[in-house]
Amino acid sequence: MKHSISGRAVGMGGALVAALLLAGCNDNSYLPRDSRHWVALSPEIQSKMSEMGLSKASPILIRAYKKESELEVWKADHAGEYKLLKTFPICRWSGQLGPKKVEGDRQVPEGFYSITPQMMNPNSSFYLSFNVGYPNTFDRQLGRNGSNIMVHGACTSRGCFSMTDKQIADIYALARESFAGGQKAIQMHSFPFRFTPENLAKYRADDNLPFWKNLKEGADRFEVSKREVQVAACNGKYRFGSDAPDPNALCSNPAADDPISLAAREKAKKDEIRVAELTKAGHKALKRIYQDGDQHHSFKHTQHASVGAEDVSRATTVPQGTSRVADVSQPDALDIGPVDVAAEKARGLNRPQLLALAHRERFASEPAASAASASAVAATPVAPNARTTQSTARPAATPPAVQATALVAEEKKGEKPAFYERWLGSLSVLTASATGTTELSPGTPAANLPTPPQRR
């Protein structure tokens, strides 16, 4: 028996050495596709957790904001209170502010979602990914549909939260370690923007405001408690509570006057007073229009070589110092940038008309005309549920002096930790079974994993 165990250990050691040697041939230190999900947390994340006194096995919670193009990862301390571990700039998201409603509308969903171990996809065509859980019960109650809404790499989106490969490697590893530590599901909050009084005053005339105010109820509860929000879907409306034995009971028994509920209501009251003050002070009601989503400002105006969409579909590695663009993101859509127009001007307009209005507003002060910018509007696809008219104005416009791109500014040489350090550090996950925790096995059949995002 001792001989058998020793032989098996030698075999594992030999396989590990072989994997290290083979992976060492990659000039960007990425693991092969079938092993990259085992890479350890980056030294930066590990150092931050150590400074904050957080365990890599403790639960995490994710919050995403479309307007700000940011994704936050929060981690629970020993008392169960969540601390903000890191804010990741989102490399690309698509659509407009507002919820996802139908398959193919390019919308990133908004709401409260739950990510389980079965939703992790180590074999993604977009480096690594996990499904956010859209549509949830709330979405289905409203008849919304769609599928394969992911957080993934490759900086390309058609309804997903797209990060760089380096970012998704860390986010995926954080989720993997929390599941190994016993977390059953990761709660994800997806919001149109940070629910500040300024944003609420600015977009107070948006058709989505009632829905956003419902989301804010849950956001406020997290803000005052820093604990996971208890959520239920009740006839097309979210209900929130604290420590109820059954969250579904919230539909018949709304949240009581517990300390968290009282604190959340007090916060909401103060925010409403501030919104009223801003409105009275003359803050205009606006409608924000995107040609097709946005990305964090840190990714704009980058100048790097690109690798085409065909390389993304093959999940090839990308040499260090380069970037990649996939056609599903419509990179030209970033040229105009987000445009805030007066709400009364946007009222009643369909999607093509809104885009034409955005172009007029964006380039109103520029005298020269640009056929390229006008054709970009004309080429923008219309969502399946958008109303159309016989003719839509396509005003000529001048593009910005410096155009934004969908290129990814990859990490500089020397910033990435030594490959061997990251790989050897990841061996901790292999001992999860010995401590009674659950973990995804690298041998999990692909058939048991969620389907990766498809190229459209």
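**Disulfides and cores**

Modeller: Cys251 counts as partly exposed, at 34% relative accessibility. The model is predicted, so local features need pLDDT of at least 70 and side-chain atom pairs pLDDT 80 or more, while totals for chains, interfaces and linings use all residues. Residues are numbered from 1 along each chain as its sequence is written, and side-chain values use heavy atoms, with hydrogens and water left out.

Colleague: Why is Cys251 called partly exposed?

Modeller: Buried means under 20% relative accessible area and exposed means over 50%, with partly exposed in between (1.4 Å probe, protein chains only). Cys251 has 34%, so it is partly exposed.

Colleague: What makes Cys234 buried or exposed?

Modeller: Its relative accessibility is 9%, which is under 20%, so Cys234 counts as buried.

Colleague: How do you know that a disulfide joins Cys234 to Cys251?

Modeller: A disulfide is a pair of cysteine sulfur atoms within 2.5 Å. The S to S distance of Cys234 and Cys251 is 2.0 Å, so the pair qualifies. The link is left-handed, with -85° about the S-S bond. Cys234 is in the loop between β10 (230-233) and β11 (238-241), and Cys251 is in the loop between β11 and α7 (259-280), 17 residues apart. Helices (H or I, at least four residues) and strands (E, at least two) are DSSP runs, numbered from the N terminus.

Colleague: How many disulfides does a search of the whole structure find?

Modeller: Two. The other joins Cys91 to Cys155 at 2.1 Å from S to S, so this pair also meets the cut-off. About its S-S bond the angle is -80°, and the link is left-handed. With the bonded cysteines numbered in sequence order, the pairing is 1-2, 3-4.

Colleague: What makes Cys91 and Cys155 buried?

Modeller: Cys91 has a relative accessible area of 0% and Cys155 has 1%. Cys160 is buried too, because its 3% is under the limit.

Colleague: Why is a set of residues called a nonpolar core?

Modeller: The name applies to buried Ala, Val, Leu, Ile, Met, Phe, Trp, Tyr and Cys residues joined through side-chain atoms within 4.5 Å. The largest has 65 residues, and Leu71, Val151 and Met188 have the most contacts inside it. Helix α4 (residues 165-180) gives the most to this core, with eight residues.

Colleague: Which residues is Val151 in contact with, leaving aside neighbours within four places in sequence?

Modeller: Contact means heavy atoms within 4.5 Å. Among the partners of Val151 are Leu71, Phe130, Ile168 and Met188.
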